[in-house]
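Hi,

Here is the structure I promised to pass on. Have a look at it first, and then read on for what turned up.

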Amino acid sequence: MASFLCLPAISTPPSSLARASFRGRPITHFQNRLCRIGVKCSYAEAGVVDDLKSAPIDVVADVKSERVVVLGGSGFVGSAICKAAVTKGIEVVSLSRSGRPTYPGSWVDQVTWISGDVFYANWDEVLVGATAVVSTLGGFGSEEQMQRINGEANVVAVGSAKDFGIPKFILISVHDYNLPSFLLSSGYFTGKRKAESEVLSKYPNSGVVLRPGFIYGKRKVDGFEIPLDLIGEPLERILGATESFTKPLSSLPASDLLLAPPVSVDDVALAVINGITDDDFFGIFTIEQIKEAAAKVKA
């Protein structure tokens with residue numbers, strides 16, 4: 001705790017302000033800035049005479065170092081990212097069409113859930129104070145639908161984040177499985193690659209693209225829990241143990257449909273956390289690199 005008298009102007013604010021006591025004096029520009037960035041403020045009316053006997057006025061800082069916006073935060077991957085971020089003390093805002101999910105756990109109450117569509121979002125409300133945006137947007141459907149949700153929706157989000165001045169954008173994309181080019185021309189993959197290009201173009205020195213393969217965990221669909229980890233976890237272990245034998249086959253077309261190791265949804269979430277907190281973490285990341293990034297956060 002530090003107590004000091006307000007001067008008419010503060011040219012260099014203290015680097016760490018947990019709680020400060022101010023004597024009555026007209027509100028300074030610095031005090032106004034504190035209030036706008038989320039500092040709880042109370043101060044005397046302007047015009048109070050500077051008097052050592054006057055009661056101190058409290059300015060209590062309540063600022064978190066990171067604030068992340070998760071697009072699709074109520075989904076399978078998005079909710080894992082929200083939970084991991086809350087656990088690491090990161091402030092979280094989720095934007096999704098379904099809004100607040102019904103997941104158990106106290107972490108749900110610590111997320112700001114906004115119901116909306118990226119094409120019609122009020123970005124001034126969604127992005128205020130954000131230090132990073134994470135997009136988990138994607139899905140299957142007709143060619144037009146996949147181009148729209150995998151590509152166009154993400155392009156809109158990247159552009160909005162860039163225009164708002166958000167310093168980092170993280171995209172959950174997809175591994176290409178060594179598929180032949182005619183299969184990669186489907187709306188699902190072309191949409192994802194279009195989104196990747198937008199991220200890397202708008203954020204050349206801070207954009208993150210994660211390319212996981214099969215993501216496993218406990219996934220909820222229409223109220224039912226699908227234990228994908230019962231398949232993914234043992235398969236990950238088997239492929240890891242046999243990697244030295246199967247690696248020569250990885251150059252074969254479509255070989256990764258069988259040989260690409262699954263990755264847990266928790267590891268994807270932790271890799272995202274690494275991307276949020278590490279300024280040197282940017283570019284395109286493969287399945288193995290995702291796991292390595294997650295391991296750094298676990299350590």
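Arg211 and Glu196 meet through their side chains in a salt bridge, 2.6 Å from N to O; the term here means a side-chain nitrogen of Lys or Arg within 4 Å of a carboxyl oxygen of Asp or Glu. Arg211 sits in the loop between S10 and strand S11 (215-216) while Glu196 is in helix H6, so the pair ties together parts that are 15 residues apart in sequence. Glu196 also forms a salt bridge with Arg193, with the closest N and O atoms 2.7 Å apart. Those two both lie in helix H6, three residues apart, or about one turn of the helix. As background, an α-helix has 3.6 residues a turn, so residues three or four places apart point the same way. Put together, Arg193, Glu196 and Arg211 are linked in a network of salt bridges.

Before going further, a caveat: this is a predicted model, where local features need pLDDT of at least 70 and side-chain atom pairs count only at pLDDT 80 or more, while totals for chains, interfaces and linings use all residues. Residues are numbered from 1 along each chain as its sequence is written, and side-chain values use heavy atoms, with hydrogens and water left out.

Is Glu196 buried or exposed? Glu196 counts as buried, at 3% relative accessibility. (Buried means under 20% relative accessible area, exposed over 50%, and partly exposed in between, with a 1.4 Å probe and protein chains only.)

Now the rest of H6. Helices (H or I, at least four residues) and strands (E, at least two) are DSSP runs, numbered from the N terminus. The 16 residues of H6 should span 22 Å at 1.5 Å a residue, and the end C-alpha atoms are 22 Å apart, which agrees; the expected span is 1.5 Å times one less than the number of residues. The buried residues of H6 include Gly187, Tyr188, Phe189, Gly191 and Lys192. Among the elements covering them are helix H4 (143-164), strand S9 (169-172) and strand S15 (283-285). Ser201 is also found in helix H6 (residues 187-202), but Ser201 is exposed, with a relative accessible area of 54%. Ser201 and Val158 are 43 residues apart in sequence and 9.9 Å apart in space, C-alpha to C-alpha.

The other helix to look at is H10. Eleven of the 13 residues of H10 are buried, so it is largely enclosed by the rest of the structure. Its length works out too: the 13 residues of helix H10 (residues 265-277) should span 18 Å at 1.5 Å a residue, and the end C-alpha atoms are 19 Å apart, which agrees. Asp267 is one of the buried residues in H10, at 10% relative accessibility. The side chains of Asp267 and Lys298 meet in a salt bridge (2.8 Å, N to O). Lys298 lies in helix H11 (residues 287-298) and Asp267 in helix H10, so the pair ties together parts that are 31 residues apart in sequence. By the salt-bridge rule, the count comes to ten.

Val272 and Ile276 are among the residues that touch the most other members of the largest nonpolar core, which has 41 residues. A nonpolar core is a set of buried Ala, Val, Leu, Ile, Met, Phe, Trp, Tyr and Cys residues joined through side-chain atoms within 4.5 Å. Val272 touches Ile81, Val134, Ile170, Ile172 and Leu210, leaving out residues up to four places away in sequence; contact means heavy atoms within 4.5 Å. A second, separate core of 24 residues includes Val126, Ala153, Ile166 and Val209.

Finally, the overall numbers. The protein chain has eleven helices and 15 strands, and 46% of its 299 residues count as buried. Residues 24 or more positions apart account for 63% of the contacts with a separation of 6 or more.

Cheers
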